[in-house]
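Hi,

Here is the structure I promised to pass on. Have a look at it first, and then read on for what turned up.

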Amino acid sequence: MREKDPPGELKPDWKDYLALVIAAYSLLLPPLLLIFGVAALVLLFLSLVFRG
């Protein structure tokens, strides 16, 4: 038979990992999109300037 976990010890399940992944994704996505957007605008501006 399976022993019960001690009452003071909480074991994470897949929902906790999913919540952690979603939280990290929501924290990291906006700065990454901002960086890539600024880089794309700079490249577009440079290509327009140096095209002649």
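Is Val 38 buried, exposed or partly exposed? With a relative accessible area of 46%, Val 38 is partly exposed, because that value lies between the 20% limit for buried and the 50% limit for exposed. Bear in mind that the model is a predicted one.

Val 38 also belongs to a nonpolar patch on the surface, along with Leu 34, Val 42, Leu 43, Phe 45, Leu 46, Val 49 and Phe 50. Together they have about 840 Å² of accessible area.

Now for the helix itself. The chain has one helix and zero strands. Helix α1 covers residues 14-51, which makes 38 residues. At 1.5 Å a residue it should span 56 Å, and its end C-alpha atoms are 53 Å apart, so the two agree. There is a bend of about 30° in α1 at Leu 29, with a proline, Pro 30, following within four residues.

What about the whole chain? Of its 52 residues, 0% count as buried. Its accessible surface comes to about 5400 Å², and carbon and sulfur atoms account for 74% of that.

Cheers

Technical notes: Residues numbered from 1 in each chain as written. Predicted model: local features only at pLDDT ≥ 70, side-chain atom pairs only at ≥ 80, totals over all residues. Heavy atoms only, no water. Helix = DSSP H or I, 4+ residues; strand = E, 2+ residues; numbered from the N terminus. Expected span 1.5 Å × (residues − 1). Bend = angle between axes of the 7 residues up to and from the residue. Patch = residues over 30% accessible without salt bridge, like charges linked within 9 Å, V, L, I, M, F, W, Y side chains within 5 Å. Areas by Shrake-Rupley, 256 points an atom, 1.4 Å probe, with all protein chains shown as cover. Salt bridge = Lys/Arg side-chain N within 4 Å of Asp/Glu carboxyl O. Buried < 20%, exposed > 50% of the residue type's maximum accessible area, 1.4 Å probe, protein only.
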